Amino acid sequence: RKLRSDVAAAFPNLSAEQLAEFIPNKEELNVIKIHSHKGEAVTVYMNHRNPILFEVEKALYPTVYTLWVYPDLLPAFSTWPPVLQKLAGGADLMLPGVVVPPSGFPQVERGTLCAVTLLGNRAPVAVAVATMSTAEMLAAGMKGKGFAVLHTYLDHLWEYGDKSSPPTLAPLVPDCAGNEEEQQGKEPVSSSPPEPVQHVGIGDLSLKEGDNCAQLQGREELPEDRGAEPAESASTEDQQGPEDSRTPQEQMDALFNQCFFHALKCKVKKSDLPLLTSTFLRSHMFSCCPAGQQLDIKKSSYKKFSKFLQCMQHQKILQVKELNKGVESIVEVDWKHPDIKAFAVPEGFSSASAAQDSRNEDREQVYHAPEIIPLYGVSNKMIPLFQESGHRKGSILSSSEVRTIIINYVKTNELVDETNKNLVKVNAILCDCLLDKSEQDEISHLKWDDLLSRCFHRLQRLHQVTFFGQEPVVRKGNIEPIDITIAQRSSNKKVTIIKNLELYGLDPQCVANILQQKVQASATITPVPGAKDRVQVQIQGNQIHHLAKLLLEEFQLPRKYIQGLEKAPKLGQKK
């Protein structure tokens, strides 16, 4: 309670709802005492494995993890992407490295806590204290030290969390391109003549070093502008006929907007939430696509469906959360939003027929099993072995790439034994990277199989998941299998419990409905004990035979990703 009041006092622009979400009532916060390189005592508050706040001399500061959730918590100043490496190395932010936006700087005083962002992305990468007021910065001709940096993305405090990367958040206003009407009559920020104003997509940004301002190349409007267009313009796409003057990318943006609002207005109900974003795209938006047209996110200005949803979330149409690691769901929709209310269903569709189509689509929708590829990350200990091939710590490689690099290293350094080609001589680097201390004086040669298996064992385990119609997602560790267990209930009744369906793009509610119809038994969705925001399917009786048929034959999931099929009842045994 005291921490919540301290946070409310330190960050008064947090709403009551945001404050309750930031410092929840019923969750434990871990408090850690650490010391900085300067010897300062720092108190760190942890929530969900990530540091969310740190306290120095009774002053509270947010971490970058917090600022990624609340990007507008602090006044923000933008810098060039190459500057991040210097900041992460301990440097302060100098004023020549600060990008001057057309709309001007936020008005801050000396000592104000600020966020530092990179050009083209609103997600902060550093927390800093202003050493001058805004007026003093401009009076100094943008020279000298502007901000004392306290914490950055990639520093030791960031490493104490889950080491995730900053999200891609579109700027509220383009960093170097303003509204033409607003720019007229104003003096340019620099002495050079202003560049022509262009509206561009975030994916089309390119940075040219040496210019006073990054040139924004491309012709497309910002995703926010596309998403904020009146819904009627999207619904009248067919009326424009073959003389449509828009580019193919603009047409695809309009089609995505049309199908998005159509799906929310006619197909998604409050009882469907939370709804997997992959299910929303596959089962709802695709069915709203007019005949003869096809949704393809790569042909739009968004490039990724997650970025499209971020844009809609920014307009407060819906809310998306990562209920499971790497799996996003729509958790809230504002059906009273003006854009949804103003949307007109295109001719040929009706609300009733759309709802019926949605039910039919759920039944007939072909599930595409995700493509899962094991990957390996170069760990700190393995850097000497991989640096010759141009890789460094954190480089992500496939198993075939790892094998090729090891084989080339052995051949380049002439380590193959002359008398026995199956053996590899252990040099100093192989000794340090692959042998335990107790083995270093005993082992001088390794078999090829042993060499490769030791190498794979010492690399960081990762895996890449590619869902149908979406960009690949790389996650740490090995993917958890779908876990099937049998539990005993009162009166000696058994229930079948299925977990981790979301990791494979399966909607637990959809699986529960299918099972309920197949076996004519009660199926429910219940929270996973001890895990927040995780759900499991629970169905009466031992239904593993039906589950095996559903997952292996209908959904075409590989057996190695399903755990517990051996618990099926024997033939003739009562379930």
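A nonpolar core is taken here as a set of buried Ala, Val, Leu, Ile, Met, Phe, Trp, Tyr and Cys residues joined through side-chain atoms within 4.5 Å, where buried means under 20% relative accessible area, exposed over 50% and partly exposed in between (1.4 Å probe, protein chains only). The model is predicted, with local features requiring pLDDT of at least 70 and side-chain atom pairs counted only at pLDDT 80 or more, whereas totals for chains, interfaces and linings use all residues. Residues are numbered from 1 along each chain as its sequence is written, and side-chain values use heavy atoms, with hydrogens and water left out.

The largest nonpolar core holds 33 residues, of which I482, I484, Y504, L506, L551 and L557 touch the most other members. Two or more residues each are given to this core by strand 20 (482-488), helix 19 (508-519), strand 23 (535-540) and helix 20 (544-554); helices (H or I, at least four residues) and strands (E, at least two) are DSSP runs numbered from the N terminus. Helix 20 provides the largest share of the core, 6 residues. Contact means heavy atoms within 4.5 Å. When neighbours within four places in sequence are left aside, the contacts of I484 include I498, I544, L547, L551, I562 and L565. A second, separate core has 31 residues, among them F260, F280, L281 and Y302. In soluble globular proteins, nonpolar side chains tend to be buried together.

Over the whole protein chain of 575 residues, 45% count as buried. The secondary structure comprises 20 helices and 24 strands. Of the contacts in the chain with a separation of 6 or more, 57% are between residues 24 or more positions apart.

The structure contains 16 aromatic pairs. Rings of Phe, Tyr and Trp (its six-membered ring) pair if their centres lie within 6.5 Å; planes under 30 degrees apart count as stacked, over 60 as edge-to-face and the rest as tilted. The W68 and Y153 pair is edge-to-face because the planes stand at 70°, with the ring centres 6.1 Å apart. W68 lies in helix 3 (residues 64-69) and Y153 in the loop between strand 10 (145-152) and helix 6 (156-159), so that the pair links parts of the chain 85 residues apart. Both W68 and Y153 are buried. F77 and F147 form a tilted pair, 4.7 Å centre to centre with 50° between the planes. This pair joins strand 5 (residues 76-79), which holds F77, to strand 10, which holds F147, across 70 residues. F77 is buried at 2% relative accessibility, and F147 at 0%. One aromatic cluster is formed by F256, F260, F261, F280, Y302, F305, F308 and F343.

A search of the whole structure finds 0 disulfides, a disulfide being a pair of cysteine sulfur atoms within 2.5 Å. The cysteine sulfur closest to that of C431 is in C433, at 9.3 Å, which is too far for a bond. C431 is buried, with a relative accessible area of 14%; C114 is also buried, at 1% relative accessibility.

H337 is placed in the loop between strand 13 (327-333) and helix 13 (338-342) and counts as buried at 12% relative accessibility. A polar atom of the H337 side chain lies 3.1 Å from the backbone nitrogen of D339. Apart from neighbours within four places in sequence, H337 is in contact with Q315, K316 and I317.

Note on methods
A polar contact is a pair of N or O atoms within 3.5 Å; within protein, one must be able to donate a hydrogen and the other to accept it, and residues adjacent in sequence count only if both atoms are side-chain atoms.
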